[in-house]
Amino acid sequence: MSRFIRGSVVALLSLAVSTPVLAQAMVQPQGPAAGAPDDIIVTAQKTEQRIEDVPLTVSAVTGRRMADIGVNSLAEVAMYVPGLRIQEQSANNPGFVIRGITSDSGSAQQGARVTLYYNGVDISRSRGAYQDLYDVERIEVVKGPQATLFGTAAAIGAVSIISARPQPGFSDAIQASYGNYDRAQVSGFVNAGNDTIAARLAFGVKYRDGYVRNIAGDPNVPNQNQGRVDQDDLYGQKQAGARLSLRYVPTDAVTADLVLTYDGQRNTGTPFKSRAFAPTGGQTGDFGDAELSGSPFSREVLGRRKLGLTRDVYDANLTVSVDLAPGVTFTTVNGYRRFDSLEVFDADGGPAWYLEFAEDARGDQWSHEGRFNVEGDRARAAFGWNGFFENGVQRVPFSTEEGTYLACSVSAAFAPIRAALNGAGIPTGPACVAANGTIPATRATAILTRGAAMQIPYASVFANDGRNAAYSVFADATFLPTPRVELTAGARVLIEKRRSGYVNDQPNSRILAGLGIATSLLGTPNTNNVRYVAQQSYSAVLPRFNALFRMTDAVNLYATVSKGRRSPVVQLDAQNSAAGVVPRLQLVPEENVWNYEAGVKVATSTLTGTLSAFYQKYRGFQVSVQNGDGTSTTRSAGAASNPGVELEATWRPVRALQLFGAFAFVDGKIDRNAALAATFSGARFRLQPKYTASGGATLRLPVGEGATFYATPSATYQSKVFFELPNSEAISQSGYTLVNLRAGVELAQGRYTIGGFARNLTDRRYLLDAGNTGGGFGVPTYIAGEPRFYGVEVSARY
């Protein structure tokens, strides 16, 4: 941990226990509501409603619940929400999964399936979507297609993050923790203002050493491979964020909110660990040391010397709400977001200079929405328009050493070359790195060039870009024929223009040219920096129908039918032909889904919960097919089906104790008559366990004058998961359970807290991901999940 960060953390820890500051949303508010479950107000239907009155399957995680459990990232929160999984392989590559449908493509040419909203604005583009959580009011998760409410990207659902807004008066806050792996986190806010104008400045800082040791360049490791660049341990975390919120209320009828946010990461490398390529000293398994370094020319080719991520995101949001007349409100939501990220990673997962990649992704987006809401005794309606515009570029540099690549590759195209190397005593394929971590493949260049060269660096660059615009109008109306019945119908009419570009600078191999073979190492054409462009326009109508029946004052029944759509893919690359290298345009049809759902919601003074069942039918289900050169192509796999059940509940049997739990059964599969190869037919959706469950208890006991003991033990379970399509046992993770604990004491009527936390208390070993870029070359890699984290935390409030 750097001296600057260590000193800052110590100072802030001291500040937290010596000054009257108010902890952010992770410190539980006090008040009379502690005796019964609070009403949770959500805006899933663009109007404020109690969650039990919404005829959709909606989960809401408040800042208070996040504090109780001790979670403060999207991936951690998702473990407690049925039907939701968020895989944070990297802040640059989060995977959002709702009911088995994954949205994680970094391609600028491909649309999202899950909408991520931040204060009412779509931020779904994968490389710009990660958002740190601090000073959060709540997170809403809306399941099922929500195009009418959240736009076309909500093909299967939406995740909406709502930050805390400025309030009249003065308050300030801090919360800090420190634990193993030098894990330090500090967050807080300052709020000041009056009834007319108020401001709130919030921040969050996280630091953690890497939990996977990287021996590359370590002088303490004898007999290490030469030329390896000294690297940091892997999966270290260095990130900081800040948010300035301004609220202006010039009259009772007008409210304007301006929110400015910065989010940045300087994280160390992702621990891609190979089972085939051992580090120096021998294979240590998925959870042992790694030897990852990037190429010796990584700065020149990949953009930076060390593995890891540099990412900056800037976001601006202006929301203005005007009461035009009794029951009539106009709201305009306007957003701008820009991201710039560079991640360098060692895709082969071993010590050889074989598959060294970077991803340089940049993009910006603008959005505008105008919406009228009309409220009446027997009906309500919302209608308006939306414009969404985005530009994105994904650039992927690649570096290798030619002889090493030819020796390690498993491509059938290079089988004769591997045979020649075998004859010269060089093991090839997965054996190109010996079991003790030495690299016989480094001698391949000298053999193939007959001593003319000992090492030949090779570099190429793939890039794709997208320029997309979407225009839509939407309307949603609810009719109450009786006080107990609500009927809702709505639709969004969409027109979109998608323009895709592709460029590739991929030189031919010098070694292969010397052998009379004119081709690149990766086997795809060299377009010599020629940019190809294609453009298409599309339109769609996306409806929804909902019904709510108030069976009693405490029990509501609901049903919904809705249609979702993932945009067609305008896919562009290059191919060889008799005329030379020419562009190849592939139009992948849109993906459609019909969602049928019914459920029951219960809300009493001690019990709240939702039980729902759904069935989804897909047409034109889009999948990524590996090309064998590290790239992938989107294809249509035909039909897919997805039945499931979700349950979540909170029960407070006595004032001091609250029990909570969730369960989901999701059985999504590609149909047996799959349009692609038989390996896709019947395959389970990737990243989605068939069964997930979570539960815990929050205990609060008075222990003296103004003091309260609190404790929240919790556990999460997931069954077996496949990380890729088509499914492979080698690219999967068996079921596992994680146990977490948070406990401590609140003092001075809750003004101060001191406690401890433990995540993955039993130190369970599990895989976060498998396959990855290396899998596209026949050498899958494996990423270890988090070990046991533990530490102390303090906070104070005024």
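Analyst: Y717 is partly exposed, at a relative accessible area of 33% (buried is under 20%, exposed over 50%, partly exposed in between, with a 1.4 Å probe and protein chains only). Y717 belongs to strand β35, residues 707-718 (strands are DSSP runs of E, at least two residues; helices are runs of H or I, at least four, all numbered from the N terminus). The model is predicted, with pLDDT of at least 70 needed for local features and 80 or more for side-chain atom pairs, while totals for chains, interfaces and linings use all residues. Residues count from 1 along each chain as its sequence is written, and side-chain values use heavy atoms, without hydrogens or water.

The whole structure holds 26 aromatic pairs (Phe, Tyr or six-membered Trp rings with centres within 6.5 Å; planes under 30 degrees apart are stacked, over 60 edge-to-face, the rest tilted). F357 and F777 make a tilted pair, because their planes stand at 50°, with centres 6.1 Å apart. F357 is in strand β19 and F777 in the loop between α10 and β41, so this pair ties together parts 420 residues apart in sequence. F357 is buried at 3% relative accessibility. F777 is buried too, at 5%.

F621 and F685 are stacked, 4.9 Å centre to centre with 10° between planes. Both sit in loops: F621 between β28 and β29, F685 between β33 and β34. So their pair joins parts 64 residues apart in sequence. F621 is buried at 4%, and F685 at 2%.

Ring pairs also build a cluster, with F272, F345, Y458, F357 and F777 among its members.
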